[in-house]
Amino acid sequence: MKYVLVTGGVVSGLGKGVTASSIGVVLKACGLRITSIKIDPYLNTDAGTMSPFEHGEVFVLDDGGEVDLDLGNYERFLDIKLTRDNNITTGKIYQSVIDKERKGEYLGKTVQVVPHITNAIQEWIERVAMIPVDGKEGPADVCVIELGGTIGDIESMPFIEALGQFSYRVGPGNFCLVHVSLVPVLNVVGEQKTKPTQHSVRGLRGLGLTPNILACRSTKELEDNVKEKLSQFCHVPAANIVTLYDVSNIWRIPLLLRDQKAHEAILKVLNLESFSREPKLDEWVARATIFDTLEDTVRIAMVGKYTGLSDSYLSVLKALLHASVDCRRKLVVDWVASTDLEDSTAIEAPDAYEAAWNLLKGADGILVPGGFGDRGVQGKILAAKYARENNVPYLGICLGMQIAVVEFARHVMNLPDANSTEFDPNTKIPCVIFMPEGSKTHMGATMRLGSRRTFFKVADCKSAKLYGNVTYVDERHRHRYEVNPDMVPEFESAGLQFVGKDDTGKRMEIIEIPNHRYFVGAQFHPEFKSRPSKPSPLFVGLIAASSGQLDRVLQDCCNGRLVSSKHALSNGSYTPTVLQNGHAKKLANGLSNGTYYANGNGVHA
């Protein structure tokens, strides 16, 4: 097994995740099998209980692991299926060591950070690196490890020490360190400054790790004299210094690495020069080129409670982007804070209320993603009501499906007291109830998590057609509450179809309104399995309906063409617009919202 470690210096948010994923793409294109590990130095056991404002979205794996969003980057870039153990946290490591100590496995010794914690880290890496993640038998050839945080952080010190020992343990030719650093350009001087990277590398070497390759983030390509200076002071050959400068879209990052021969440098360090060939990245070139030429737009209103940070809905954005490119449309996302749609905002902040409704009414389609808690729920219900009554394409995910059911009960079935027991435990008409697979008291890893099977019950429904007329699909879940099965007959007699159910028939998975242009809700999270060349069918349905192409897409699916495209775009980057929570921030150019995901050099892929 060969190992590539990706670290970051100077500042956080440089794009270590994209760099690690792109390295994997280039090595995979050379014919190697790749697996990935993300190390997060925080004390949480996993990302499951973190607020999206703290750490972005929680990505869910097939095995139910609630992990860092960077594992979503790896899965989308490399088209692999990772496990919960591919995300290492300080909490997991300490918990495993303390459990061993309680069992007496250390034979009365004093348990310390060195060697016990550091050994546990190394053993975890070696064990997880051997797990196949690409559907083939046997371990991968190369494991790409990303160390979260920045060199010098106190919390990452045990991992730095462990990785220093690990590089010695696996020996030369089996370990390559890629250090991602910043080379800023000061506007006053106008020249590229190397001092921050010099200090970062000096700190790294002082901790026992020596970089083999420098990946320098900068606005423009590094000048030759800057490379020579970095080479001299950082003790890295000039040929091993690559520039990750700003490009038009994220698919050009692996192409940058290829063009600068980064794969050759890595393969040389790893003694894999027999694989040193021109990486086959034609698909990536096609994606980058196609995306840059998209002109016809499609506007999707994203109605949620975490609109203050777009990373909170990262996988949803990626799934929308995959689908929009499949339909050859340029995606525009209008962020609508669900609280701004509520009547109370009309009194407290009338301008925000008017702006939110104008965005909703100006959108081609509406998407209500998952979420927890009762804040903003009424606004989401109003969005679902607007979509249903005005024949606007609608996709509700998890909570978005549940509020669509509640809205239908209130305004179609004339049950004004209908509600979810999540928001009103004593509601007289519980449309959505707590289902017994989880726990009400323990929050961590207690939900209905991971891949579950959904069976289609209505053969000619839109969802079944979009999935290629299969009898069942496996999708990832993350929820505690579900539609009350006792009320299903009432809903169906009123015109709401439950077209997808689990194997028992008691858990409702997909809803549709048959006579609506496109009104679909899914209890699962289809965004987690969306891939660049295999966009999520339900997202394709939303984009197709929003751009007047749904009939053609459904016909193609019925004729055997599954939802995907020969040159479907890979994971698009987007401009991370941070809006204050609740009210849209006025942009400098006077636009209230409307973000073109025209793929600037974003952090996440």
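Hi everyone, let's start with Val4: leaving aside residues up to four places away in sequence, Val4 touches Ile23, Leu27, Val142, Cys143, Val144, Ile145, Cys176, Val178, Ile266 and Leu270. Apart from it there is another core, made of 46 residues, with Leu399, Ala404, Ala409 and Leu496 among them. Before I go on, please keep in mind that this is a predicted model.

Back to Val4, then. The largest nonpolar core has 95 residues, and Val4 is one of those touching the most other members, together with Leu27, Met302, Leu320, Leu367 and Phe539.

Where does Leu186 sit? You'll find Leu186 in the loop between strand S7 (175-182) and helix H7 (195-206). Leu186 has a relative accessible area of 43%, so it counts as partly exposed.

Last topic: the cysteines. As a reminder, a disulfide is a covalent bond between the sulfur atoms of two cysteines. How many disulfides does the structure hold? The count is 0. Take Cys143, one of the residues that Val4 touches. The closest cysteine sulfur to that of Cys143 belongs to Cys176, and it is 13 Å away, which is too far for a bond, because a disulfide needs the two sulfurs within 2.5 Å. Is Cys143 buried or exposed? Cys143 is buried, with a relative accessible area of 0%. Cys461 is buried too, and its relative accessible area is 3%.

Definitions and conventions. Residues numbered from 1 in each chain as written. Predicted model: local features only at pLDDT ≥ 70, side-chain atom pairs only at ≥ 80, totals over all residues. Heavy atoms only, no water. Core = buried A, V, L, I, M, F, W, Y, C linked by side-chain atoms within 4.5 Å. Buried < 20%, exposed > 50% of the residue type's maximum accessible area, 1.4 Å probe, protein only. Contact = heavy atoms within 4.5 Å. Helix = DSSP H or I, 4+ residues; strand = E, 2+ residues; numbered from the N terminus.
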